[in-house]
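The stops below are meant to be selected in order.

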Amino acid sequence: MSGSAGGAVALAGGNALVTGASSGIGAAAARALDGRGVRVALVGRDTAALAAIAADLSEPVVIEADLAAPGEAADTVVQAVAALGRLDIVVSNAGAGWAGPYQAMSPAELDGIIDINLRAGAHLVHAALPHLLAKGRGHIVMVGSIAGLLPVAGEAAYSASKAGLAALGEALRGELRGSGVKVSVVNPGVVDTNFFQRRNRPYDRDRPRPIPASQVADAIVDCLERGRPETVVPAWLALPVRLRGAVPNLYRLLSDRFA
Ligand SMILES: NC(=O)c1ccc[n+]([C@@H]2O[C@H](COP(=O)([O-])OP(=O)(O)OC[C@H]3O[C@@H](n4cnc5c(N)ncnc54)[C@H](OP(=O)(O)O)[C@@H]3O)[C@@H](O)[C@H]2O)c1
């Protein structure tokens with residue numbers, strides 16, 4: 001993260017911490033960053049999966065952590081800084097889903113969704129910020145969801161957790177203005193990963209068609225290189241987001257009609 005070419009920040013030579021790097025979007029982001037000359041600390045719980053991803057990268061660091069456990073997100077940052085020497089990029093991506101009627105969730109399931117999707121990311125960013133601010137530069141990318149911008153009936157807790165991340169990102173962007181530290185939120189639609197197999201209910205719709213994780217990884221890299229504050233992948237999903245922002249009652253009418 002040193003120079004600049006054609007308006008894009010050059011990422012080569014930087015160090016990144018990527019959570020949820022053992023699978024799906026995080027693994028694709030780790031590969032994409034490695035391909036740009038970034039040294040990556042891979043974070044996850046599945047050590048075998050982490051080792052398999054790490055085998056394809058140059059000089060990776062592997063950190064095993066259950067980020068939903070109290071103190072683990074902050075401890076992960078400490079471990080990453082110790083291993084990498086310094087931190088330039090944080091990709092807060094670890095997450096999980098839950099689908100069904102809100103009242104059917106057990107209190108433990110509700111806590112689990114908020115803990116990994118919102119609390120872990122919030123603590124990770126909280127712990128990483130002093131390291132980035134001390135250098136006067138750095139970039140945090142949070143992986144939200146289209147469900148955080150267009151809340152989904154049947155995914156209330158998940159939508160709320162991702163809306164929380166979107167709000168955190170927006171507020172921090174204002175707080176950090178002029179500090180040299182940037183914040184981006186990448187909001188994917190439906191992505192072809194293990195996400196749906198791992199949640200309590202698989203994806204059973206024909207549309208929207210799942211996009212590859214590499215497309216989200218490209219959007220993460222694009223945010224880092226171009227300093228984009230927020231993005232939606234695939235791009236067409238920005239249309240309903242704009243509609244909801246501009247005419248919420250019309251959006252509600254249409255989503256009730258076509259949901
Ligand atoms: N797939 C989609 O359609 C979609 C759409 C919008 C947003 N997203 C978001 O994208 C992010 C990545 O999801 P994905 O699609 O790549 O799903 P995935 O393939 O299931 O990957 C989820 C990742 O999160 C990690 N993780 C989950 N709980 C964890 C915990 N307690 N501690 C540490 N790591 C944990 C997993 O690590 P371990 O397996 O090692 O525990 C795994 O690496 C999530 O935040 C998800 O909400 C996904």
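This is a predicted model: local features need pLDDT of at least 70, side-chain atom pairs count only at pLDDT 80 or more; totals for chains, interfaces and linings use all residues.

**Stop 1: the largest nonpolar core.** Select Leu33, Leu42, Ile89, Val91, Val186 and Ile220. Of the 34 residues in the largest nonpolar core, these six touch the most other members. Next, colour the elements that each supply at least two residues of this core: strands E3 (15–19), E4 (39–44), E6 (89–92) and E7 (138–143), together with helices H1 (24–35), H2 (47–54) and H8 (213–226). Which of them gives the most? H8 does, with eight residues.

**Stop 2: a second core.** Now select Leu84, Ala128, Leu172 and Val185. They are among the 31 residues of a second, separate core.

**Stop 3: strand E8.** Select residues 181–188, which form E8. How many of its eight residues are buried? Seven are, so by the under 20% relative accessible area criterion the strand is mostly covered.

**Stop 4: the partners of E8.** Display E7 beside E8: the two pair in the parallel sense over six bridges. His139 stands opposite Lys182 in E8.

**Stop 5: around Val186.** Centre on Val186 and show its contacts, leaving aside neighbours within four places in sequence. The contacts include Val141, Met142, Val143, Gly144 and Ser145. Val216, Ala219, Ile220 and Cys223 are also in contact with Val186, as are Thr231 and Val233.

Key
Residues are numbered from 1 along each chain as its sequence is written. Side-chain values use heavy atoms; hydrogens and water are left out. A nonpolar core is a set of buried Ala, Val, Leu, Ile, Met, Phe, Trp, Tyr and Cys residues joined through side-chain atoms within 4.5 Å. Buried means under 20% relative accessible area, exposed over 50%, partly exposed in between (1.4 Å probe, protein chains only). Helices (H or I, at least four residues) and strands (E, at least two) are DSSP runs, numbered from the N terminus. Contact means heavy atoms within 4.5 Å. Two strands pair if DSSP finds at least two bridges between them.
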